[in-house]
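Keep the structure open as you read.

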Amino acid sequence: MMKKDNFQPARRRWLKRSLTVGGAAAGVATGATALASGSESLITEVQDWNRYLGDGVDANPYGMPSKFEGEAIRRDVAWLTADAKSSVNFTPLHKLEGIITPNGLCFERHHGGIAQIAPEDHRFMINGLVDTPLVFTMEDLKRFPRHNRTYFLECAANSGMEWRGAQLNGCQFTHGMVHNVMYTGVMLKDILAEAGVKASGKWLLPEGADPSHMTRSIPIEKAMDDCMVVFAMNGEALRPEQGYPLRLVVPGWEGNMWVKWLRRIEIGDQPWHHREETSKYTDLLADGRARRFTWTMDIKSVITNPSPQAPINHGRGRTVLSGLAWSGHGTVSRVDVSIDGGRNWHTARIDGPSLSKSVHRFYYEFDWDGRELFLQSRAIDEKRHIQPTKQALREARGENSIYHNNAIQTWYIAKDGTAENVEIS
Ligand code: MTE
Ligand code: CO
């Protein structure tokens, strides 16, 4: 598929050159200094933070990250949308470890700004094709059995700018419309059982309480399988940005169905024609046909470090490559990594929980000999779906779509360790 001796990045044309690089080797220095070899005053001499008392326990009723971590923030791209109230910002994937996205760093996508709703004023209604239409308070909902589940949420438009060529310089911007959170809430099927769905009830229409009145059609089979109505994320109440006090969780399916500020679910016998974006969440193919109802987010991965916002600063030698992989079809069973643009693949080490429809953290440690690299990761899920190359995806889908780009990403690493978003063919 890939013409291996003809690297053509989108931005520059590369001269043909040898891309042979060293593989993983044991026992190479990490850069630690032998104490005797010089005076390391930062450890041998008393520093200010050793000498003076710090803040007391009353200084931070709600703790914030260290002041030295100011780079770990959500970022938006001003020219992407006309208005910040109907816009998106991006998770700083290159600044995260493990699999959980901290609440304050979860990307936000909303179409009518952030609704501010007092929980005592919030009501949730089930109506339509049910035996008994019901209205719940937040207290009522908390009397159903609770469940804790960790899931990724990915916007269908994640990586959408990358369809036609390498565009945005950083995994935060190319892949940052994803977050991974442990939710606490109740199973939607338990609530539906209380209302009693009629035999003719085949579709759900969840609706948000925000000004955009977000609505989406969801088939009843999904609702009865693993959908949740949640009030907490990562152990605390939902953040306003994420739909406080109540949001729908639709595991493995595209983010637009995860209605925030959830106020109502209507049961019907067919999908609805949506007031907005009726045709938007379809994938337009090269021949003019459209893929509809492409709800499951396919197998995908990205190397988060090194990457354009997180270059190699330490020079040659031991280098830790890290990234994230996820699939709406279940768990990720394997991630392969290449540092030479797909010529040679190495099985990466998945570390941390391997949960269904949740991100997986992978690592590949190698010794960098200072040569240019082309980093790629390719994930495989438990259903044996393999992440496609960009070329293969374009051959299958054309270039008209902006949704559901799960292609392999390439980062070019220059000799000075800086990284750039490129394409190779
Ligand atoms: N729900 C409401 N009520 N309003 C919205 O604008 N945006 C949707 C979805 N749910 C939206 C919404 C889209 S397109 C996405 S990708 C996800 O919420 C984003 O969820 P997040 O803001 O928690 O990242
Ligand atoms: Co979205």
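The questions below concern a predicted model.

Q: Which residues of helix 5 are buried, and around what arc do they lie?
A: Helix 5 covers residues 188–195. Its buried residues are L188, I191, L192 and A195. They lie on the same side of helix 5, because the arc they cover around the axis is only 100 degrees.

Q: What is the bridge partner of S301 in strand 16?
A: Strand 15 and strand 16 (residues 317–326) run antiparallel. Five bridges join them. In strand 16, S301 has as its partner A325.

Q: Are the rings of W203 and W295 stacked or edge-to-face?
A: Their centres are 6.2 Å apart. Their planes meet at 65 degrees, and planes over 60 degrees apart count as edge-to-face. So the pair is edge-to-face.

Q: Is W203 buried or exposed?
A: The cut-off for buried is under 20% relative accessible area. W203 has 14% relative accessibility. Therefore W203 counts as buried.

Q: Over which ring does the charged end of R378 sit?
A: The charged end of R378 is 4.1 Å from the ring's centre. That ring belongs to W345.

Terms used: Residues are numbered from 1 along each chain as its sequence is written. Chains are lettered from A and ligands numbered from 1 in the order in which they are written. This is a predicted model: local features need pLDDT of at least 70, side-chain atom pairs count only at pLDDT 80 or more; totals for chains, interfaces and linings use all residues. Side-chain values use heavy atoms; hydrogens and water are left out. Buried means under 20% relative accessible area, exposed over 50%, partly exposed in between (1.4 Å probe, protein chains only). Helices (H or I, at least four residues) and strands (E, at least two) are DSSP runs, numbered from the N terminus. The arc is that of the directions from the helix axis to the C-beta atoms. Two strands pair if DSSP finds at least two bridges between them. Rings of Phe, Tyr and Trp (its six-membered ring) pair if their centres lie within 6.5 Å; planes under 30 degrees apart count as stacked, over 60 as edge-to-face and the rest as tilted. A charge sits over a ring if NZ of Lys or CZ of Arg is within 6 Å of the ring centre and within 35 degrees of the ring normal.
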